[in-house]
Amino acid sequence: MAGIQLKGLSKRFGKNVAIHPLDLKIDDGSFMAIVGPSGCGKSTLLNLIAGLETPSGGDIIFDGQSVLNLNPRKRDVAFVFQTYALYPHKTVYENIGFPLSIARVEKNEIDKRILEVAELLGLQNLLSRMPRELSGGQRQRVALGRAIIRQPKVFLLDEPLSNLDAKLRVQTRAELKKLHERLKTTFVYVTHDQTEAMSLADKIAILKDGKLHQSAPPREIYNNPADTFVGGFIGSPGMNFIKAAIDAEGREVAIENMLYPLSQPLEKSGDIIVGLRPEHFSIGEHANEKALAKEAVVVEPLGSETLIQTEISGAQVVIRAPADYNCEAGDPIQVTPLIENANFFHPETGVNIELMD
């Protein structure tokens, strides 16, 4: 196993900056997810760690030692790709054992380790099959098996579940989490799916346009996003952002025509952006002293919950209501922001005010 530290790591392709200088620590044996929209630099960062790309600046450190001058083979990492990359003319048995075969490991040892990996991944009954005879989930497990059998220090996974259908993705995600708990090896997992990141990772690094916006445990990122980008990207639906104002003493926030007292005063006055998750509203048909009179614009009954879209301070807001909440588009509703759960962001930079130095 290996802990990884990236120090001032950057990457340029000509005049284009793919990765701005960033620092990131990945603990030994942890599961780190790297997330962000398409083109943000996720896969480039993974390729830099693997040695498939040469950085333009900075350092990559495994267990206290720089690996910049080591080729990918000597870094002792295993890469699992989105496309499985299985050999179509080889059986499952031969695909899994291929890394050991080219390393000229003794056949008895290869047989032993293939069977161990097959049992771990539930592939015992598929060893004689060809890749074309497997489902997408089975192919992905074979690709994982080929990586596991090498017993590397680090697993690098580049969107390995993106080709699976929704149900199979959930199932394979659970298998992957159990696999990490058994192996206790360092996993670095790239995905654009924030739900995967939240459910799998010990820690999440969020990129946008090659810049690291936040690196923290999932719960911390969900509850205290570093900025409006992180708040909007993490969560389904994402965080709502409402224009508001703080009084001169930083003790009350005004949303439309209503004042809400703060439990802790803010060192900020004037315009502000209030960030509230969809579950951080109360909603009903009857007014209370802090309710805003609104109209349901869109109603989405999802079985386990109902999502209701309305407008507050000119912003489209999504509210999470109970599954049995009876409402239709156009109905009047009374919405109360639960300010005690709010995050507050700078109106120009979008940075979380409470996390600012």
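Analyst: Helices (H or I, at least four residues) and strands (E, at least two) are DSSP runs, numbered from the N terminus. With that in hand, the loop between α8 (228-233) and β11 (240-246) holds proline 237. The peptide bond joining serine 236 and proline 237 is cis, with omega about -5°. This is a predicted model: local features need pLDDT of at least 70, side-chain atom pairs count only at pLDDT 80 or more, and totals for chains, interfaces and linings use all residues. Residues are numbered from 1 along each chain as its sequence is written, and side-chain values use heavy atoms, with hydrogens and water left out.

Glutamine 194 is in contact (heavy atoms within 4.5 Å) with Phe233, Ile234, Gly235 and Ser236, leaving aside neighbours within four places in sequence. Glutamine 194 belongs to helix α6 (residues 194-200). Its relative accessible area is 11%, so glutamine 194 is buried (under 20% relative accessible area; exposed is over 50%, partly exposed in between; 1.4 Å probe, protein chains only).

Aspartate 209, in the loop between β9 (203-208) and β10 (211-216), has a positive phi of about 50° although it is not a glycine. Its relative accessibility is 53%, so aspartate 209 counts as exposed. Glutamate 256 sits in the loop between β12 (252-255) and β13 (258-261). Its phi is also positive, near 55°, and this residue is not a glycine either. At 39% relative accessibility, glutamate 256 counts as partly exposed.

Next, the cores. A nonpolar core is a set of buried Ala, Val, Leu, Ile, Met, Phe, Trp, Tyr and Cys residues joined through side-chain atoms within 4.5 Å. The largest has 45 residues; Val35, Ile96, Leu144, Leu157, Leu176, Ile204 and Ile206 touch the most other members. Leucine 157 touches Leu46, Val80, Leu144, Leu176, Phe187, Val188, Tyr189 and Val190, not counting residues up to four places away in sequence.

Leu46, touched by leucine 157, is one of the buried residues of α1. Eight of the nine residues of α1 are buried, so this helix is largely enclosed by the rest of the structure. Just after α1, glycine 51 takes a positive phi of about 95°.

Now the sheet. Four strands form an open sheet in the order β2-β1-β4-β5, with antiparallel pairing (two strands pair if DSSP finds at least two bridges between them). β2 (16-26) and β5 (65-66) are the edges; each has a single partner strand, so one side of each lacks a neighbour in the sheet. Helix α1 (residues 42-50) packs on the sheet, touching β1 (4-13), β2 and β4, and its direction makes about 120° with that of β1. Axes here are lines fitted to C-alpha atoms, for helices over the stretch in contact, and angles run from 0 to 180 degrees between N-to-C directions. Strand β4 (residues 57-62) is joined to β5 by two bridges. Phenylalanine 62 has glutamine 65 as its bridge partner in β5.

Helix α2 (residues 92-102) packs on helix α4 (residues 136-148) at about 30°, with the axes 7 Å apart. α2 and α4 are therefore roughly parallel to each other (under 35 degrees; over 145 is roughly antiparallel, 65 to 115 roughly perpendicular, the rest oblique). Val92, Asn95, Ile96 and Pro99 of α2 meet Val142, Gly145 and Arg146 of α4.
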